[in-house]
Amino acid sequence: MSFDLETAHHPEQLRRVAIDPVSRVEGHGKVTLLLDEHNRVHQVRLHIVEFRGFEKFIQGRPYWEVPVMVQRLCGICPVSHHLAASKALDMIVGATRLTPTAEKIRRLMHYGQILQSHALHFFHLASPDLLFGFDADVAKRNVVGVVAAHPETAKKGVLLRKYGQEVIRMTAGKRVHGTGSIPGGVNKSLSAEERAALLKDAYQMVAWSREAVALARQLFEQNADVNSAFGRFDAHSMSLVRADGAMDLYHGGLRARDMKGGILFDHFDYSRYWDVIVEDVKPWSYMKFPFLRALGPDTGWYRVGPLARVANCDHIPTPLADKERATFMASPGAAGATLGYHWARMIEMLHAAESIKDLLHDDDLGGSDLVVTGERADRGVGVIEAPRGTLIHHYRVNENDEVTRANLIVSTTHNNQAMNEAIRQVARQHLDGQEITEGLLNHIEVAIRAFDPCLSCATHALGRMPLEVTIVSRDGTPIDRMFRDEHGRCSRA
Amino acid sequence: MSEQTFTLDGQEIPFATGQSVMQAALSAGVFIPHLCYHPEFRPHGSCKLCTVKINGRPATSCTTPAAAGLEVESDTQEILDKRRTLLQMLLVEGNHFCPSCEKSGHCKLQALGYELGVMTPHFNHFYPDRPVDASHPDVLLDFNRCILCELCIRASAEVDGKNVFALAGRGIGKHLIVNAESGKLGDTDFALTDKAAQVCPVGVILAKRQGFAVPIGQRRFDAAPISAHVDEFRPVAPQAGGKP
């Protein structure tokens, strides 16, 4: 089955416009558009053109190496892979219940990760579009422009991220690619000095996160009708929830809702995720297309991440974030809007800041009981709510302790079809029949950025990646060519 | 009788009869970079990292007997450049992926890389295909990181009396093997308590299920560079230097 605008009937007669690479996202992807001579859109695809091969080259490696190795998938949210792998290997080493110290250190690490990743995305990557407009001057529409026009906002964004990185450093040993989480627990707890150092700024982070939620809300509601409709599509959603239905970003059961909010499954044991999730492949992308088994590939695709999580849970277990959630859910059109992701993301950042502050008062963080083991198993599944959505790690380990099979379904993969739907909707809404301009192409990127996709790469661009778009007539003659140089300046050939 | 000395980079180094230049330097608290030297074993002279200039001629300090009046150069630009090159060649000859290696922070090869300022591998990687031997219940062999120092061979033969390891092949094809019909460590009487399990300077011989248990900041070479660990390399007992 092919979705509307996924595959043109006669692509050979259409001209191709490519956004390559998509900028201000993590990693490398491209968008292709096929247009006819009237600029009518016939095909829109988000291609993930990286091939990483982690699932293959982890095979044959000792299992205890996995949490450290697979986190190299990413330089932005390696903690997510570090923890998802550790949770899977907890099952391998028979650690059915971690010590309180180990679980709380891991949670603290994870909330630090959520805080820094969400701050990075909102302030560094997304805010230029939101503050200046989608087709604002490209020379200004970047983080440097934000620093110039809104220095206080930019500064808080930088410091929020820095604080999250400090939480990670103290729990994992390094700001990026640490080793703190190991199968069955953690390798360090927090000293009294480390806790005190983090607590010193914890309340400030909560306050700044509240301001960020207010800013995200204001940016959405000041043009609510447009923002609600931009790239909007109906979709099922999935996330982990706690046993009482609360948001839990570290552990829980899988909950999926249909596009009307009805429960499809709830508190599903993720160690058998394959009973409810299947992965499809398409010939034009290295990224798979997961779908809900019960609904099939045509209608079973879903979205994950902040928007799905905030709407999916019954409440958020920290008071300030929960209050903001109530406001968000009551705002007309926000909970299903592609641009609602930003608002939901800031609510989660507030939840992370509150959780960090609460955890830092917990003496278990200083405990010395760090690791447990139990009956050895040959298969382990770890699931965590990474900043960008549900992250699944699944390993098989032989009797010699070697990994024999690995399957990773990363957050952005779950959102693959959803992102394609979003950009097709934007193409219908804004590009169809129009002469292509840089500003219009940026509308496509704005829709992709809302998902904060991590295209499995440790590098990221800041809106300054060189870009060349060529429009070719059906006989192969170039009829239009636009360039964006490394300084973000656009020109026409 | 007056104390015998030689000079090392202009510093007077006393020595006892039978000591090598390396042993005398380490005893005096002066670090000379090395990989295949171990204070408990006869010197080997294969890694060449401890090469110094003695009276103007290159020589491995671990195998050259100390003698009165020698003029030894070690910490010179020329010698440091050669040591860096040696390390770079070792790093590309095997598969040394420090970011995911559990020996990171404990590894002498890595520590010497930091010590000598190896910023890039410089040469093209060989990317050899070296399968892991995980057949032993307690010990993992990751041949990817072997630098052919033969310390495990010497320890297994001389201390453990087991002859578990050997080198096979010649030239660039030389590699570490396990003395078992199957070639697997699991089919030997090797034990985690063997001396051979304790001496690997890199990440080849590893206790299973222990990786990354020591947090960053508390690993062997986290707090101070390898040259500050000179006390760990001092000769443990009078021993014969000279021929390997």
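1. Strand S14 of chain A (residues 389-397) pairs with S15(A) in the antiparallel sense over six bridges. Strands here are DSSP E runs of at least two residues, helices H or I runs of at least four, numbered from the N terminus, and two strands pair if DSSP finds at least two bridges between them. Across this pairing, Ile392(A) sits opposite Ile409(A) in S15(A).

2. A word on what we're looking at: this is a predicted model, where local features need pLDDT of at least 70, side-chain atom pairs count only at pLDDT 80 or more, and totals for chains, interfaces and linings use all residues. Residues are numbered from 1 along each chain as its sequence is written, with chains lettered from A and ligands numbered from 1 in the order in which they are written.

3. The sheet is open, with three strands in the order S13-S14-S15 (chain A) and antiparallel pairing. S13 (379-386) and S15 (403-409) of chain A are the edge strands, each with a single partner, so one side of each has no neighbour in the sheet.

4. Helix H3 of chain A (residues 78-92) packs on the sheet, touching S13 and S14 of chain A. Contact means C-beta atoms, placed from the backbone, within 7 Å.

5. Ile92(A) belongs to helix H3 of chain A. Ile92(A) counts as buried because it has 25 C-beta neighbours inside 10 Å; the cut-offs are 20 or more for buried, 12 or fewer for exposed, and partly exposed in between. Leaving out residues up to four places away in sequence, Ile92(A) touches several residues, including Tyr63(A), Tyr395(A) and Val397(A). Ile92(A) and Arg379(A) lie 287 residues apart in sequence but 5.9 Å apart in space, C-alpha to C-alpha.

Key: Contact = placed C-beta atoms within 7 Å. Axes fitted to C-alpha atoms, helices over the stretch in contact; angles between N-to-C directions.
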